[in-house]
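Please keep the sequence and the structure at hand while reading.

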Amino acid sequence: MQSGLHWIELTTTGITIVTAKAFLKTRTFIGAAGLIALSAVSLVSIAPLAAQTTAAPTSNNPLGIPENFTIMGSENPNDRAATAVVNGYVITGTDIDQRVALVTNASDATVSDSELQRLRQQVFRNLIDETLKIQAAVAQELPAERAQVEQTYQQLAAQNFGQNPERMDEYLSSIGSSPSALKRQIEGELAWENLLRRNITPFINVSAEEVNEVLRRLEEARGTDEYRLGEIYMNATLENREAVAQNMQRIMQQLEQGGSFVAYARQFSEATTAVVGGDTGFLRLETLPPAMANAVRQMQTGQLVGPLEIPGGFTIIYLIDKQQVLGADPRDAILSLKQISISFPAGTSDEAASGRIEQFATFVSELRSCSDAESAEQLLGATVVTNNEIQASQLPDQLQNILLGLQVGQTTPPFGSAADGVRVLMLCGREDPEDAGAPTFDSVMRSIEEERINKRAQRYLRDLRNDAYIEYN
């Protein structure tokens with residue numbers, strides 16, 4: 001059958017869809033159980049009429065369905081109208097909807113209708129790139145193995161749902177997405193890794209002199225600050241600079257309203273760090289573009305900044321952590337603590353509890369050693385809990401800063417509330433971490449290689465876009 005710009009060939013094993021313009025070079029096979037949507041082929045057109053007539057059952061119409069009837073509802077929930085055909089592969093509106101759901105449901109922010117439309121457009125572009133990556137991998141006999149896709153999916157399910165990984169399928173369906181949408185994204189990431197491993201990584205050369213120079217600079221920088229960042233990066237040219245800047249600004253607004261940085265990085269970032277949610281690992285300021293370095297220098301942990309224009313495009317950055325080059329992180333110290341706490345009957349107000357809280361604060365301020373803390377049980381009816389091996393980084397940030405400034409035998413100020421109880425922590429011992437040694441030769445070489453792979457990967461994807469045959473609907 002020929003219709004519009006497509007041929008549909010029926011076979012005993014499935015259906016082959018052939019685009020007219022690409023008939024001699026491109027065919028996409030879809031199994032017999034697959035779902036097919038072709039916007040250029042109109043099979044049925046039903047228009048609502050003003051009146052309906054009844055019909056008696058006949059051999060040709062056993063249900064007695066009237067010839068003229070109205071479809072109730074404004075939209076078919078199973079609509080799979082094609083949005084684009086990429087080298088013969090159909091991307092549908094349903095594909096976009098399900099992928100958008102992965103982003104919006106990882107966020108606490110409410111997405112407006114206008115923002116949702118812009119988000120759909122960005123997801124649409126990402127799906128096109130993802131399709132190009134998968135097709136290139138298949139063409140070079142480097143596809144993502146189905147078993148590997150399933151294994152990665154099950155790992156994600158176990159991480160999010162513990163002992164009930166099967167709940168992942170139910171959750172994805174409940175938010176308007178599907179297991180197949182997430183597996184398609186996983187397939188794209190694995191396929192891209194295969195391509196880079198074959199076509200780019202073997203041709204990246206880093207000399208011993210370069211590595212030794214980095215090691216020398218690291219030793220000179222010992223004790224200075226380095227930063228672990230999250231990044232969302234998009235390429236920009238002179239022609240699309242304004243459009244990219246506006247898009248990045250909208251992403252920034254969503255993040256500021258509670259959007260998941262990791263989810264947005266995975267969906268939108270064009271850096272190779274997208275597969276790990278934008279995590280760059282620890283970097284020093286001199287390795288960053290000046291605009292980024294100036295911004296990071298003034299940021300506090302947990303702060304978000306952007307979009308910043310840097311060579312090649314725009315970036316949004318999130319400061320995950322900060323430490324000193326080749327220095328020990330004090331938050332790795334192992335602490336021995338005693339927690340002394342008092343509780344109050346349900347419904348006790350802070351005002352009503354103030355007298356006992358004041359008595360508690362006076363008592364702990366007079367403690368001189370950890371052995372004295374045990375007396376709080378008899379004298380105040382307090383609860384005393386000992387933990388001799390807790391890493392400082394496991395505690396809330398505010399308590400970390402207080403505890404790391406204490407001497408053995410000192411206590412934190414009381415904290416809590418009448419509803420949750422009031423407590424103090426007493427420092428009974430501390431094992432400081434040793435200074436970190438210089439990174440190994442191999443780790444520095446890998447870092448340089450990854451940076452160069454990232455740059456070449458961006459050019460590679462651009463070439464795939466330029467060579468693609470895409471029909472938009």
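The model is a predicted one, in which local features need pLDDT of at least 70 and side-chain atom pairs count only at pLDDT 80 or more, while totals for chains, interfaces and linings use all residues. Residues are numbered from 1 along each chain as its sequence is written, and side-chain values use heavy atoms, with hydrogens and water left out. Helices (H or I, at least four residues) and strands (E, at least two) are DSSP runs, numbered from the N terminus.

**Backbone features**

- Glu-141, which follows helix α2, has a positive phi near 55° although this residue is not a glycine.
- Glu-141 sits in the loop between α2 and α3 (146-161), and with 70% relative accessibility it counts as exposed.
- Asn-87, likewise not a glycine, has a positive phi of about 50°; this residue belongs to the loop between β5 (82-86) and β6 (89-92) and is partly exposed, at 22% relative accessible area.
- The peptide bond between Gly-306 and Pro-307 is cis, with omega about -5°, and Pro-307 lies in strand β9 (residues 304-310).

- A cavity is a set of points, on a 1 Å grid over the protein atoms alone, where a 1.4 Å probe fits but cannot get out, and its lining residues have an atom within 4 Å of a point.
- Grid points are joined across faces, edges and corners, and a volume is the space filled by probe spheres set on the points; by this rule there is one cavity of 30 Å³ or more, and the largest cavity holds about 50 Å³ of space.
- The elements that give two or more residues to the lining of the largest cavity are α2, α7 (241-256) and α8 (261-268), and α2 gives the most, with four residues.
- Among the lining residues of the largest cavity are Glu-115, Arg-118, Asn-247, Tyr-264 and Phe-268.
- The lining divides into four nonpolar, three polar and two charged residues, where Ala, Val, Leu, Ile, Met, Phe, Trp, Tyr, Cys and Pro count as nonpolar, Asp, Glu, Lys and Arg as charged, and the others, Gly among them, as polar.

**Disulfide**

- The structure holds one disulfide, a term for a pair of cysteine sulfur atoms within 2.5 Å, and it joins Cys-370 to Cys-428 with an S to S distance of 1.8 Å.
- This pair links distant parts of the chain, 58 residues apart, with Cys-370 in helix α11 (residues 370-373) and Cys-428 in strand β14 (residues 421-431).
- Because the torsion about the S-S bond of Cys-370 and Cys-428 is about -110°, the disulfide is left-handed.
- Cys-370 is buried, at 14% relative accessible area, whereas Cys-428 is partly exposed, at 22%.

**Strand β7 and its partners**

- Strand β7 (residues 225-235) is largely enclosed by the rest of the structure, because eight of its eleven residues are buried.
- Two strands pair if DSSP finds at least two bridges between them; β7 and strand β10 (residues 313-324) run antiparallel and are joined by eleven bridges, while β7 and strand β8 (residues 279-283) pair in the antiparallel sense over three bridges.
- Arg-228 has Asp-321 as its bridge partner in β10 and Phe-282 as its bridge partner in β8.

Terms used. Buried < 20%, exposed > 50% of the residue type's maximum accessible area, 1.4 Å probe, protein only. 1 Å grid on protein atoms, 1.4 Å probe; cavity = no way out; pocket = protein on both sides within 12 Å on 5 of 7 lines; lining within 4 Å.
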